[in-house]
Amino acid sequence: MKPIIGICADYVYGITELYDGFGSNFNWQVITDDYVTAIENAGGMPIIIPVISIKENIDRYLEMIDGIIFAGGYDVEAKRYGDSPSFKIGAVSPERDEQEIYLAKKIIYETRIPTLGICRGCQILNVAGGGDLYQDLVEITPKNDVKIINHSIDNSPKYNPVHKANIKKHSKMYKIFNEEVIEINSYHHQVIKNVSEEFEATVIATDGVVEGIEIKDDRFVVGTQWHPEMMAEKVEKQRLIFESFIEATKKFKLHE
């Protein structure tokens, strides 16, 4: 049987841009099709994990799935990593933060469930492990006169690589790509500040911004600051992340 992959839903307060009348003021739980397609094409069976309030039900999802994706979405609330909100923080989803940090902590400290965190999901893994974030790129002080590049390029096609990143040779990411430099897309304004002690930064942009993290042990718990699911349709190399993730879930399923 195919491994079951849970994808954490986004929690959206009204979608007035899409719905003019009925439903425009409702809260919605949604996910972009790219995540579903990437998992299906890699050999997994995706299910969507909604934001819910009963902890017992949240825990049941961890018993049902063979792998999990923490997807992109709103900014992570500053209080989740002991900070106060700056003027540059964007929209937040307290309900989603609460559930995903809870899930991420369970995964990091109590399970061996293969995990992929994408964009916001990468940041969630870092925060759950005790790390923190820059609330906006403008907070970063450039080092050695290296300019911070624009990482929030929303006027570029989703699959289009816009800058390069370096991969550490000993890492899981290097084993996936077999390259020391990759080209990636970029749709974020928050970035990792201090990396959690549970993780190592293994993919780093040319300006020093952390683009990928992975847990320090042999588990597949990996975060990408870029969006490989958006690139996978047209950039073959980016599919390797999902193929490696699904392979890890198959091994996990065998040893349950």
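**Figure 1. Seven helices and 13 strands make up the chain.** Helices (H or I, at least four residues) and strands (E, at least two) are DSSP runs, numbered from the N terminus. This is a predicted model: local features need pLDDT of at least 70, side-chain atom pairs count only at pLDDT 80 or more, and totals for chains, interfaces and linings use all residues. Residues are numbered from 1 along each chain as its sequence is written, and side-chain values use heavy atoms, with hydrogens and water left out. The C-alpha trace spans about 50 × 45 × 35 Å along its principal axes. A compact globule of 256 residues would have a radius of gyration near 18 Å, and the chain agrees with 17 Å. That radius is taken over C-alpha atoms, and the globule rule is 2.2 Å times the number of residues to the power 0.38. Of the 256 residues, 53% count as buried. Buried means under 20% relative accessible area, exposed over 50%, and partly exposed in between (1.4 Å probe, protein chains only).

**Figure 2. R96 and D10 form a salt bridge.** A salt bridge is a side-chain nitrogen of Lys or Arg within 4 Å of a carboxyl oxygen of Asp or Glu. Here the closest N and O atoms are 2.9 Å apart. R96 sits in helix α3 (residues 94–110) and D10 in strand β2 (residues 10–13), so this pair links distant parts of the chain, 86 residues apart. Both R96 and D10 are buried. A search of the whole structure finds 15 salt bridges.

**Figure 3. D59 meets K106 in a salt bridge.** The N to O distance is 3.8 Å. D59 belongs to helix α2 (residues 55–64) and K106 to helix α3, 47 residues apart. Are these two side chains buried or exposed, or something in between? D59 is partly exposed, with a relative accessible area of 23%. K106 counts as buried, because its relative accessibility is 19%.

**Figure 4. E200 and K168 pair across 32 residues of sequence.** Their side chains meet in a salt bridge, 3.5 Å from N to O. E200 lies in strand β11 (residues 199–205). K168 lies in the loop between β8 (163–167) and α5 (172–177), so the pair ties together separate parts of the sequence. E200 counts as partly exposed at 24% relative accessibility. K168 also counts as partly exposed, at 31%.

**Figure 5. Shared partners join salt bridges into one network.** The members are D10, E77, R80, R96, D97, E98, E100 and R120. Side chains of opposite charge can pair when their charged atoms come close.

**Figure 6. Helix α4 (residues 120–128) is mostly covered.** Nine of its nine residues are buried. Among them are R120, C122, I124 and L125. After α4 comes G130, whose phi is positive, near 100 degrees.

**Figure 7. N126 lies in helix α4.** How much relative accessible area does N126 have? The value is 0%, so N126 is buried. Which residues does N126 touch, not counting residues up to four places away in sequence? They are G131, D132, L133, I192, N194, V195, S196 and I213. A touch here is a contact, meaning heavy atoms within 4.5 Å. N126 and A201 are 75 residues apart in sequence, and 10 Å apart in space from C-alpha to C-alpha.
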